[in-house]
Every structure is written in structure tokens, then in C-alpha cells.
Amino acid sequence: MPSMEVSSINVESQRDTKFALPVDSEHKATVFPLFSFAKPHMRAFHLSWVSFFACFVSTFAAPPLLPVIRDNLSLTATDIGNAGIASVSGAVFARVAMGTACDLFGPRLASACLCLLTAPAMYCFAVANSAVSFLLVRFFVGFSLATFVSTQFWMSSMFSPRVVGSANGVAAGWGNLGGGATQLIMPLVFVLIRDIGAVKFTAWRIAFFIPALFQTLSAFAVVLFGQDMPDGNFHKLEKAGEKAKDKFSKVFYHGVTNYRAWIFALTYGYCFGVELTIDNIIAEYFYDRFNLKLHSAGLIAASFGLANFFSRPGGGIFSDMMARKFGMRGRLWALWIVQTLGGVFCIILGVVSSLWASIFVMILFSIFVQAACGLTFGVVPFVSRRSLGVISGMTGGGGNVGAVLTQLIFFKGSKYSKETGITLMGVMIIACTIPIMFIYFPQWGGMFCGPSSKKEATEEHYYKAEWSEEEQSQGYHLQSMKFANNSRSERGSRGGPVAASQVEDNY
């Protein structure tokens, strides 16, 4: 009987001799020792962020070299803008597809396959000879950004609700560092190759082989050393009968019909989407506006992306801290406040006129907008258990849609001035953060309302509703019930974890 199986659930940390870290009833780690390489939890963490970092380096390898590339290929401002939009639009549907692939096949294979499929496009930079070919290459390389979804899915599969915000924030934040690191790496690689003897219009082409090789090697590392879940890979668990093989139609349906996923897709579009836009434009912005050297503009631009080292992880950690004190309502309030402040600093960035003031405000803006990204994925893992991948993909895809829209807003505003374009992006951030106020969980509440007093407003009923009576009779929902019990700490002041005997009474 299901109730007999559920009675073994225990939300408190336990020591399982199979694992180096303390785990919960799903064998997810209940601690997050950042510099540990313990298998399988921390090994998955390091593999995920390194592979995502490689994809970010590849996707944004072109912007820091644009002053050279545009002279070689005779690119206009419109060509450059279109290529920037293409680089982030490719991942819109790829992220939704990646989420579904993670739900069905596991994050390990989904991530590695996408890295290997998009790496060849990086080598094609060497033969780009027109605005069209340059745009197409950036479009196909941009698909690799969908590895963000597998990174978040993987962390949510490996770490307990009490630390999942921290794990998601650090993994994505350190991966996003690639957007800043490439601002430093590519100009240095270009100069090195040029100094060795290549002419500059050849040197920039050869430079793209470095991120392409890095991305390829990271994909092989994920396949060889990664593991989908604490107890093994999807295929092995399904074959052993320890994990039900789900249906695409069911997984997809429960994802797209959850209104919270659509809200997060919108709000994430105006934190991560704006971040992608800034990655594409900031080096050229400082280069043109303040008449800087290429290396100097790249160094300043790099500081925006490199803030991910602590800002996005800080957002995830802050989300977990707020949850421990105020439950889910604390996570939502923190997200709304931080993202709104990010919009305010974006507006100010478009107003200030001196170099040093612009750098200072840009750094403040980067901290808040990136922290908002980490805070978003402090909440997303709780929206659905069955369709976690789809909802992560929808949210991530929303980030790319937002990137396309914000770049259009920027270039439209740039007809007046680039500063106007940035100011308009800040206004959109503030406006599109408002819907967070409408997110409500019956068992935890929302920003302005506490949890429902109805008897069925429990974690178990919320996650159980994703499974039909027939599926429940076959025990397919039991893994979701373990997660329901482990997520009870989101009740905040209403109460923390409960005993297994209390959980059994809910079925």
C-alpha cells in the first residue's frame, strides 16, 4: 500500500553509508560544501557549472572581438544587432526542449549531447565571410545556452529543498561567469595569435578554436564522470524499476498548465534576459561612448559578467536564508525586491555620463540583476515535481525571449542614444517584476497572503495532483511525496518538518 511505503519518509538529514554527504529521504544532499568533490552530489555540481561555463564562453566569444570582426566582414550596426539577437534567440525553444529531455532522459545525456551538437558551429567562425554567415553561426552556437536548464535540473535532483537555492545559484552563477571571462579571454587569445605572426583578420578566426575545444572536452567529462541522480542514471533506475518511465505528453501538460511557470518565464526574461543583452552590448558600448581601447573596454565589460562569481550564488543563498525564516513568502519577497532594485540601477546606468560613475553603477546593476536570477531558481524547483524540467525550460526560455525583446528595446532606444536604450530596459525590468505578486502556493501562501486554511492545502495534495488516480495506484507518485515531505520547511512560521507518522495521515 502507498501509505506503508510513505511511512518510511524522514525529512531530517541522515547518514547513508553509500554517500559521503548527509542526505534526505530522496538521497539528496542536505548540505552544500562548495569546495568538496564528493560523489555523486558535488561531482555533479562541478561538472554542471564547468560545462555551462564553457557554453557561455562560446556564445559570447564574438562580442569582445566585434571591433575587429566588423571591419573584416563590413558589418553594419544593424548586422551586429541582428547577430546579437540571433545568439540568444536560438536557445528559446532549445531550453524548453532541454527541460523535457531532462525529465525523460536525465540531465547528464541531455547536457552532453547539446554541447557536442553545438561545438562544431564554433569552428565555423573560421569560415564566416559575410553578415549572413556570421549571424547563422552565432544563432547555432547560442543553442548551447540551453545547458542552463540541465544545470538547474541536475542541482534540483541532487540537493535537498533546504539548500537547493544555494546549489542552483552557485552552479548557474559560476557558469554565467563565462560571459565575463570570455571578455578577457578572447582579446588575449586574439593578441597572442596575432603576435605569433597571424594577420589580425586571420587571428580572430583562429581564436574561436579555443572555446570550441573547451566546450567539447567538457561534454565528454559530463558523460564519463557524471550521474543523473544520487542513486544512478535514469536508464539504470528505470530498468531496475526504481524510477517510473514518464510520458512526454503528461510531463509537458503539467508544465505548461501551471500558471506560475508562465510568470517566472516573464520575470526571468527581464533579469537573465537583460543580463544576456548587456553581455552582447557592453564592450562595444564603453568602446564607442568613452573612446576606450579594445582591451580596456573588454576589461570593463568583463566585470559585469564576472560579478556572477558571487552575485547569482548570493541570490540563491539569500533565497534559502529567507526561506528558513519566512518560508516561501520570504523567497518571493526577496526576489521582487532585488529584481526591482536591479531595474532602478539599470535606469541610473543610462543616465550617468562619466566613465567612473558608469562603471560603478554598472557593477551595482550587475549584482542585483544577477542575484535576481539566483533568487528565481530558489523558487522554481518547488513549482512542480513531475514537470521540473519543463518548468525550468520554460523559465530559462523566457530568459532568452526576454533577451531578444530587451535587445530590440535597446536598439530602438539607441536611435536616440544608447543611454536611452539602457534606460528603457530598466523600466521594463521594474514593470515585468510586478507579476511575482500574483504567485500563490496554497500550502505556503504568497507575498501578501498566508497559506490556505483548507484541509487539502498541504504539500502532499499539491504534488499529488500531478498524478492520476491510476498512476497513484501504481505508486508512480511516491517519489513526489518524498519531495513533498522534504519541502515542508517552506512553511516558515507555520511550522517546519514533520514526522513520518504525520505524513502518513495525509493519504
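So, α15 and α16 in this predicted model: which way do they run relative to each other? Their axes cross at roughly 155 degrees and come within 8 Å. Anything over 145 degrees counts as roughly antiparallel, so that's what α15 and α16 are. If you want to find them on screen, α15 covers residues 272-289 and α16 covers residues 294-306. The crossing is right-handed. Where they touch, α15 brings in E275, I278, D279, I282, A283, F286 and Y287, and on the α16 side you'll see L294, A297, I300, A301, F304 and G305.

Now a second pair, α6 and α7. Here too the axes come within 8 Å, crossing at roughly 155 degrees, so α6 and α7 are roughly antiparallel to each other. This crossing, though, is left-handed. The contacts are T118, A121 and M122 from α6, meeting V137, F140 and V141 from α7.

Okay, on to α11, residues 209-225. Which residues of α11 are buried? They're P211, A212, Q215, T216, S218, A219 and V222. Looking down the axis of α11, these buried residues sit within an arc of 160 degrees, so they line one face of the helix. Quick reminder: an α-helix has 3.6 residues a turn, so residues three or four places apart point the same way. Over on the other side of α11, L217 and L224 are exposed.

And what covers those buried residues of α11? The cover includes α2, α6, α8, α9 and α10.

Notes
Residues are numbered from 1 along each chain as its sequence is written. This is a predicted model: local features need pLDDT of at least 70, side-chain atom pairs count only at pLDDT 80 or more; totals for chains, interfaces and linings use all residues. Side-chain values use heavy atoms; hydrogens and water are left out. Helices (H or I, at least four residues) and strands (E, at least two) are DSSP runs, numbered from the N terminus. The expected span of a helix is 1.5 Å times one less than its number of residues. Buried means under 20% relative accessible area, exposed over 50%, partly exposed in between (1.4 Å probe, protein chains only). The arc is that of the directions from the helix axis to the C-beta atoms. Contact means heavy atoms within 4.5 Å. Axes are lines fitted to C-alpha atoms, for helices over the stretch in contact, and angles run from 0 to 180 degrees between N-to-C directions. Angles under 35 degrees count as roughly parallel, over 145 as roughly antiparallel, 65 to 115 as roughly perpendicular and the rest as oblique. A crossing is left-handed if the near helix is turned anticlockwise from the far one by less than a right angle, and right-handed if clockwise.
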